[in-house]
Structures are given as C-alpha cells and as structure tokens.
Amino acid sequence: MVESEMFASIRSIRDRMEAAARRSGRRAPDVTLVAVSKTKPLETVVAAARTGLVTHFGENRVQEGQAKIPNFPAELGAVWHLVGHLQRNKARKAVELFDVIESIDGEEIAAAVERVCAEKERRLDVLIEVNSSGEASKTGTPMADVPALADFVRGQCPHLALRGLMTIGPLGGSEKEIRGAFDATRELRDRLRLSADDLPCLSMGMSGDFEWAIEQGSTEIRVGTAIFGHR
C-alpha cells in the first residue's frame, strides 16, 4: 500500500470517528486511534506513521513487536500497545517493548508483569481485558471477576497503572449484541471508578464495529483491516 492510499484509508477512519463522536456528544480528539498492524511489515507501519494521522500502534503478539519496535524510527514518536493475549513467559519482553499492555486477564499475568516492572523500576500503563460476551473461545476476564482483578492490580501491583478496560465485541454478533457488550463494559468501568478521573480508558471497537463502540462510550479503538487491509 503506497503512502497516498494509506493516508486516504486513515483519513476515512478519522472522518468516521469524528461523526460517531459527534453523535455521542463528544469530540473526536477524545477517542484514540490505535492502528493494529498484525502481520504487516515494518515499512507499512512506518508509512502509516508518516501520514501524521496516527501515532498509536498495536501488535497482537510480542514476537511481532520484537521485529518492529526496536527498528521503528524514533523521531516518529510512536506509542506501542500490546492488544493480544500475553503469556507469562513473554512478560519480560512485553515490558521491554510496549508502552501499554491491554491484555491483563488474570492475577498470574498481572503479577508476572509487576515483577518485571519492579526489577526494571518502571511504571507501566495496563488495561484489564474483559470477556464481555461470555464466549468460551475468547480470552479475557469474565465480567464477574473483573472487580477482584482490579483490586489485585491496585493493591498488589504498585508498578502497574490501571488505566481502564479493554474488550472485543461478540464475534459475528448483531448490532444489538455488540452494542450491549460495549454498554456492559462501560457500566462496569463506571462501577470500578474511584473518582471521575479514574480509569479513563475504554478500549472498545475494531474495524467492523468501532463507530458503535464510540457511540457507546469508547475512548480508544483498535483498527487493523480498515487501515492496512486483510492479512
């Protein structure tokens, strides 16, 4: 994909984000766009960054981050999100590479990330991944278990800054089902808040449903296919 095509793709996403934010009574700058490159090569991600329209990038796998992040031009100032499932044996490398880990889904992985952060004297932004649809095929914490996990991160992981929740809408679900999952995640976040400024991030919405997510309160969308094309 040449840079002009990349610019057009991201500009289209930005325009749709602005319209969805307006419909929900918010401003487009209140919603962060994370471009998820998955299997795309480094040069494609660099081309997206050079459009000036996106500065946040996501990877599903730590191994892909290893191939891209150290070689990414520092002057472009990217913020890197791990948005895929994190295995405990990859915690060290994830802490070394990423600025945000969005897939904390249990006390074991939270503790593993905390240990590495403590060793490196680093404070890291994290999100709890919520299985808001209850699908057995998905990773993420069941909604009923999220409050206990939030308490664990807040109380036992001083090097982790809990910034909010992440979820994926029901795969193949109807608009009503997807919006319902996003609504339930937002309501859960609101119940967990300690103040109006606490847990500011709701990472909800991908290429096929990000407009619904924004309308239901998402503050961050994770878009791959609509920017980079199919894998």
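Student: How many aromatic pairs are there by the rule?
Tutor: The rule pairs rings of Phe, Tyr and Trp (its six-membered ring) if their centres lie within 6.5 Å, and the count comes to 3 aromatic pairs. This is a predicted model, in which local features need pLDDT of at least 70 and side-chain atom pairs count only at pLDDT 80 or more, while totals for chains, interfaces and linings use all residues. Residues are numbered from 1 along each chain as its sequence is written, and side-chain values use heavy atoms, with hydrogens and water left out.

Student: Why is the pair of Phe57 and Phe72 called tilted?
Tutor: Planes under 30 degrees apart count as stacked, over 60 as edge-to-face and the rest as tilted. The ring centres of Phe57 and Phe72 are 5.8 Å apart and the planes stand at 50°, so the pair is tilted.

Student: What makes this pair a tie between parts of the chain?
Tutor: Helices (H or I, at least four residues) and strands (E, at least two) are DSSP runs, numbered from the N terminus. Phe57 lies in strand S2 (residues 56-59), and Phe72 lies in the loop between helix H3 (62-68) and strand S3 (79-82), so the pair ties together parts 15 residues apart in sequence.

Student: What is the geometry of the pair of Phe57 and Trp80?
Tutor: Phe57 and Trp80 form a tilted pair, 5.6 Å centre to centre with 35° between the planes. Phe57 in strand S2 and Trp80 in strand S3 are 23 residues apart. Ring pairs link Phe57, Phe72 and Trp80 into a cluster.

Student: How do you know whether Phe57 and Trp80 are buried or exposed?
Tutor: Buried means under 20% relative accessible area, exposed over 50%, and partly exposed in between (1.4 Å probe, protein chains only). Phe57 has 0%, so Phe57 is buried. Trp80 has 4%, so Trp80 is buried.

Student: Why are H5 and H6 called roughly parallel?
Tutor: Axes are lines fitted to C-alpha atoms, for helices over the stretch in contact, and angles run from 0 to 180 degrees between N-to-C directions. Angles under 35 degrees count as roughly parallel, over 145 as roughly antiparallel, 65 to 115 as roughly perpendicular and the rest as oblique. The axes of H5 (residues 107-120) and H6 (residues 146-156) come within 10 Å and cross at roughly 20°. H5 and H6 are therefore roughly parallel.

Student: What makes H1 and H2 oblique?
Tutor: Helix H1 (residues 3-23) and helix H2 (residues 42-50) pack at about 60°, with their axes 9 Å apart. H1 and H2 are therefore oblique to each other.
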